[in-house]
Amino acid sequence: MSLYQQVFAWLGILQGFALFGVLLFRSHYRRMPLFTLYVGVLRVFSVVYVLDPTWETYMLHQVVSAALRFGVALELTYCIFGGFPAAASSARRVLLVILVATAVIALATLPPDATSTRMYSAAIPRMASAAIWMLTALAGLVLWYRLPLAPLPRAVLMGYAPYLLVFTIGISLLFLPGPPNLRFWAGYVDPLAFFVLTNYWLRVAWRTAPESTRPFDPRGPAGVGLRLPQEAS
Amino acid sequence: MIAGAVVSCLLVLLLIGRRNERLVRRDWEMLLTPRGEKVYGAIEGKVRAEIGMADLSFEHALVYRELGTTEEAIRLLDVGYRVIEKFSPDMLRLLAAMATFSRMVSAIAPVQPLRPKNFRLVQVSSLAYLHGMLHQFVVSASERYRLKMYILGRSFGLATRFLLKSIQSLGMTASEADAKREWDQIEAIRSDFQTLTDESLDSLRVLLTAMAREDRQDLLREIAPR
């Protein structure tokens with residue numbers, strides 16, 4: 001890693017830990033525990049990678065990140081659709097279809113004689129693509145059902161998908177044979193995009209009261225069901 | 001695959017970014033909390049008052065026509081049309097909102113299609129026949145509900161257009177036979193407006209009932225012994 005990359009990496013790590021602290025301090029972890037875990041664990045693995053920048057630590061970082069990413073997508077599903085059983089069942093079906101389709105495409109397109117490097121280089125962008133499709137599908141369902149979004153889940157949904165697009169394109173460029181200049185810049189774009197994303201999340205998490213991240217309850221704050229006109233009389 | 005993801009993702013996020021969260025939340029709170037009850041009462045009161053006002057104008061117009069004062073009758077028809085002209089877009093907005101919220105309800109009570117024999121205007125009656133046929137092709141209750149909202153909206157539009165056409169024709173027509181036909185049509189439109197309004201309010205009640213029922217199931221699940 002170059003000096004600039006190291007400085008940038010440490011700045012990102014510091015900002016990530018700041019976000020983790022804000023999520024704990026503002027009690028967001030109560031409503032979004034997996035997201036809080038994702039932010040914290042990712043930063044720990046980033047420290048490990050910066051201190052020991054090897055292929056193994058990089059892959060470990062990516063695998064843990066991908067697993068937690070799916071966890072965050074599932075948590076978002078619960079957060080957004082928790083109070084709406086009909087929409088939640090549609091969301092579950094859509095996510096299942098995306099996961100199955102991703103697995104089928106990944107297995108079908110992988111050559112039998114692929115090396116482990118080739119396999120990982122194909123797997124990482126595909127896992128990120130699956131997460132993009134999942135987040136896009138969730139956002140589409142939010143629009144379709146006209147669901148309300150709390151500020152933090154909205155920020156995660158709005159920020160994470162575009163970042164993953166940058167990440168997927170960047171990682172594809174890193175592994176593709178091409179001009180070294182392109183790969184050099186691709187290595188800078190991803191941390192920069194994640195820095196901007198973390199900054200956005202940090203601002204939203206700091207400004208948002210913890211209760212506003214509560215899943216929207218259609219029965220209202222007191223949990224009282226709607227009385228029908230004929231019942232009211 | 002990445003290109004598809006980029007385009008669809010950015011498009012969806014752009015739409016989410018542009019929408020007003022406060023407005024969305026307010027709509028849900030109005031419909032789903034006990035305030036919904038008040039909203040229903042207010043909507044019903046407003047709709048009934050407006051359609052009643054138009055109906056009164058048409059009724060008086062028919063009386064004046066019987067008495068032979070056609071000019072005054074046409075003036076009253078015009079007053080009634082202005083009320084309808086104001087009422088119709090509000091009704092279309094209400095039906096569109098109802099169709100949107102129906103997507104959220106998994107357990108809408110069985111939706112009854114419109115009955116063609118309840119309508120006197122041939123074109124609206126034909127729409128009701130079409131509704132009856134399409135009703136058999138759509139499967140889920142919420143899809144049937146949305147179809148009904150669509151047909152009701154189209155019927156309101158159609159009836160308003162025919163009303164305007166009849167009033168304009170009355171102002172120009174010379175023969176008694178033509179005038180009688182137009183007056184009969186206005187009478188039919190008046191009756192159809194009443195039926196369409198009743199059907200729309202019934203549908204609003206169905207939607208609110210379905211939402212309340214879903215909430216009760218949630219409550220039952222919560223209090224059920226584990």
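A helix here is a DSSP run of H or I at least four residues long, and helices are numbered from the N terminus. The model on screen is predicted.

**Stop 1: chain B.** Followed along the sequence, the pattern reads α-α-α-α-α-α-α.

Now colour the residues of chain B by burial. The chain has 226 residues, and 44% of them count as buried.

How far apart in sequence are the residues that touch? Taking contacts in chain B between residues at least 6 apart, 77% join residues at least 24 apart.

**Stop 2: the largest pocket.** Rolling a probe the size of a water molecule over the atoms shows where empty space is left. The largest pocket holds about 880 Å³ of space. To centre the view there, select Y49(A), Y58(A), G187(A), D190(A) and P191(A), which are the closest to the pocket's centre among its 33 lining residues.

**Stop 3: the helices around the pocket.** Switch to chain A and select α1 (3-25), α2 (33-51), α3 (55-81), α6 (151-175) and α7 (180-207); each supplies at least two residues of the lining of the largest pocket. Which helix gives the most to this lining? That is α7(A), with 8 residues.

**Stop 4: the lining by class.** Finally, colour the lining residues of the largest pocket by class: 20 are nonpolar, 9 polar and 4 charged.

Technical notes. Residues numbered from 1 in each chain as written. Chains lettered and ligands numbered in written order. Predicted model: local features only at pLDDT ≥ 70, side-chain atom pairs only at ≥ 80, totals over all residues. Heavy atoms only, no water. Buried < 20%, exposed > 50% of the residue type's maximum accessible area, 1.4 Å probe, protein only. Contact = heavy atoms within 4.5 Å. 1 Å grid on protein atoms, 1.4 Å probe; cavity = no way out; pocket = protein on both sides within 12 Å on 5 of 7 lines; lining within 4 Å. Points joined across faces, edges and corners; volume = space filled by probe spheres on them. Nonpolar A, V, L, I, M, F, W, Y, C, P; charged D, E, K, R; others polar.
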